[in-house]
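I would ask you to keep the sequence and the structure in view while I speak.

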Amino acid sequence: MSWLETSIMAKRGVAGGKETSRQKITIEQQGKFHYVYGPYAEPVIEVEPGAVVEAETHDAFEGKIKSESDVPSELLNVPYLNPQTGPVYVKGAKKGDCLAVYIHSVKPRGPQPVGTTCLIKEFGGLVGTTSTALLNQPLPEKVKKVNVDENGVYWNDRITLPYEPFIGTIGVAPEIEAITSLQPDYYGGNMDLPDVAPGSVIYLPVQTDGALLYVGDCHAIQGDGELCGVALEIPSTTTLQIDLIKDHRIAWPQLETEDMFMTIGSARPLEDAARIAYRELVRWSAAEWGMDELEAYMLITQCAKVRLGNMVDPKYTVGASVAKKYFK
C-alpha cells in the first residue's frame with residue numbers, strides 16, 4: 001500500500017486521494033505566463049478534485065538565458081521573473097478550504113544544456129542587495145549552463161550531482177492582493193523549499209473561489225538557502241494530483257511526506273520565518289493528535305528539525321518538521 005493512502009489528503013479530501021481525471025497544460029495552451037499571484041487572472045483550465053494535471057513550466061528566466069556568454073542584466077526585466085503556469089481553477093474550492101497537491105514528478109524539458117544558474121547584480125545571500133544596502137560593488141555577472149537528466153546533474157567533467165528536483169514556486173491566489181511571484185507568503189509562492197518534491201503533498205490555504213493554483217520555477221537541485229540567489233533552474237514537465245479538503249482552515253502552507261509533517265513560514269528577518277513555522281507545527285501537532293498545546297510545545301522542542309528554503313527572496317522561508325513515527 002502506498003503511504004499516500006494513509007495521508008491527510010486521502011483521509012479528508014473530496015476525492016479521497018484518488019485520481020478522477022487527467023489534463024495537460026502545454027506552453028502553447030498557457031500562452032501568457034503570470035508574474036504575480038492574484039485572483040484576477042483567467043484560469044487556463046478548470047478541474048474537479050482528484051484531477052491529475054501535467055503542466056509544462058518555463059525556467060525562472062522564461063528561457064531568455066541561452067548561453068554562458070549571456071549577461072543576465074541585459075536580458076532580464078526585473079520583476080518579470082519566475083513565470084507561473086496556471087492558474088488552475090479547482091471546482092468547489094472556497095475560502096476556508098484547503099487545497100492538497102500531491103507531486104507525482106518533475107522532469108526536465110527541452111534541449112540540453114537544460115539547467116541554468118547564474119550570478120545577478122544585487123541578488124544573493126552573500127552580497128549587498130537593495131534590501132541589505134552596501135557600498136560594495138556588485139559581483140561580476142556569470143552564467144553556467146548544465147546538462148541535466150533524470151540520472152544526474154552533470155556539473156563538469158569531475159562532478160556529477162544527484163538529480164533532486166522540486167518545485168520552487170507553487171501556491172494559490174490571495175483573496176485581494178496581487179503579489180509578485182518572487183515572494184513567498186501565507187499562500188505559498190516562491191518558497192524555494194527542496195522538500196516540495198516528488199512524493200510529497202503540499203497543503204495550501206484557499207483564499208478565493210476556485211483556489212487558483214499557480215506553479216513554476218522548478219529546480220534540478222538546490223542546497224539549503226539558495227545561496228547565490230539562483231538554484232539550477234530548469235524548464236519542466238511537472239505532474240500534480242489536486243484534491244480539496246472542505247472546511248479545513250490552515251494559516252500557512254503545510255507539507256506531508258511518507259516520514260514527516262512540515263509547516264512552512266516566510267518572513268524577514270529569518271528568525272521570524274522560523275517562529276512562524278515552529279508555531280504552526282506546535283498548533284498542528286496539538287490539533288491533529290489531541291495534545292495540550294503546551295505539551296506539544298515542549299515535545300516539538302525536543303524532536304523537530306528546520307529546513308532553510310531561501311535566504312535571498314523578498315521574504316525568507318523556513319520549514320519546521322517532525323517525524324511521523326512519534327505520532328503513530
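This is a predicted model: local features need pLDDT of at least 70, side-chain atom pairs count only at pLDDT 80 or more; totals for chains, interfaces and linings use all residues.

Met311 is partly exposed, with a relative accessible area of 25%; on this scale, buried means under 20% relative accessible area, exposed means over 50%, and partly exposed is in between, with a 1.4 Å probe and protein chains only. The residue sits in the loop between β20 (305-308) and β21 (316-323). Helices here are DSSP runs of H or I with at least four residues, strands are runs of E with at least two, and both are numbered from the N terminus. If residues up to four places away in sequence are not counted, Met311 touches Gly125, Gly225, Leu227 and Tyr316, where contact means heavy atoms within 4.5 Å. From Met311 to Gly229 there are 82 residues in sequence, and the C-alpha to C-alpha distance is 8.1 Å.

Residues are numbered from 1 along each chain as its sequence is written, and side-chain values use heavy atoms, with hydrogens and water left out.

Let me turn to the chain as a whole. Its secondary structure comes to 5 helices and 21 strands. The radius of gyration is 19 Å, close to the 20 Å that the globule rule gives for 328 residues, so the protein chain is as compact as a globular protein of that length. That radius is taken over C-alpha atoms, and the globule rule is 2.2 Å times the number of residues to the power 0.38. The C-alpha trace spans about 55 × 45 × 40 Å along its principal axes.

Of the 328 residues in the protein chain, 55% are buried. Among contacts between residues at least 6 apart in sequence, 79% join residues at least 24 apart. The chain exposes about 14600 Å², and carbon and sulfur atoms supply 51% of that area; the areas come from the Shrake-Rupley method with a 1.4 Å probe, and for residues only the protein chains shown count as cover.

As to charge, there are 30 positive and 43 negative side chains, and the centres of the two sets lie 1 Å apart. Lys and Arg count as positive and Asp and Glu as negative, with His and the chain ends not counted; the place of a charge is taken as NZ of Lys, CZ of Arg, CG of Asp or CD of Glu.

How many disulfides does a search of the whole structure find? The result is 0, a disulfide being a pair of cysteine sulfur atoms within 2.5 Å. For Cys118, the nearest cysteine sulfur is that of Cys228, 7.1 Å away. Cys118 is buried, at 3% relative accessibility. The sulfur of Cys218 is too far for a bond, because the closest cysteine sulfur, in Cys118, is 17 Å away. Cys218 is likewise buried, at 0% relative accessibility.

Next, the backbone. Most residues other than glycine have a negative phi, and most peptide bonds are trans. Where are the cis peptide bonds that I wish to show? One runs from Val78 to Pro79, with omega near 15°, and Pro79 lies in the loop between α3 (72-75) and β5 (84-90). Another joins Gly86 and Pro87, with omega about 5°; Pro87 lies in strand β5.

Glu122 belongs to the loop between β7 (115-119) and β8 (142-149) and is partly exposed, at 41% relative accessibility. Asp217 lies in strand β16 (residues 213-219) and is buried, at 2%.

I close with two further buried positions. Gly38, in the loop between β2 (36-37) and β3 (45-47), has a relative accessible area of 4% and is buried. Its contacts beyond four places in sequence are Ala173, Pro174, Glu177, Ala178, Leu212 and Tyr214. Tyr102, in strand β6 (residues 98-108), is buried with a relative accessible area of 13%. Tyr102 and Ala133 are 31 residues apart in sequence, and their C-alpha atoms are 40 Å apart in space.
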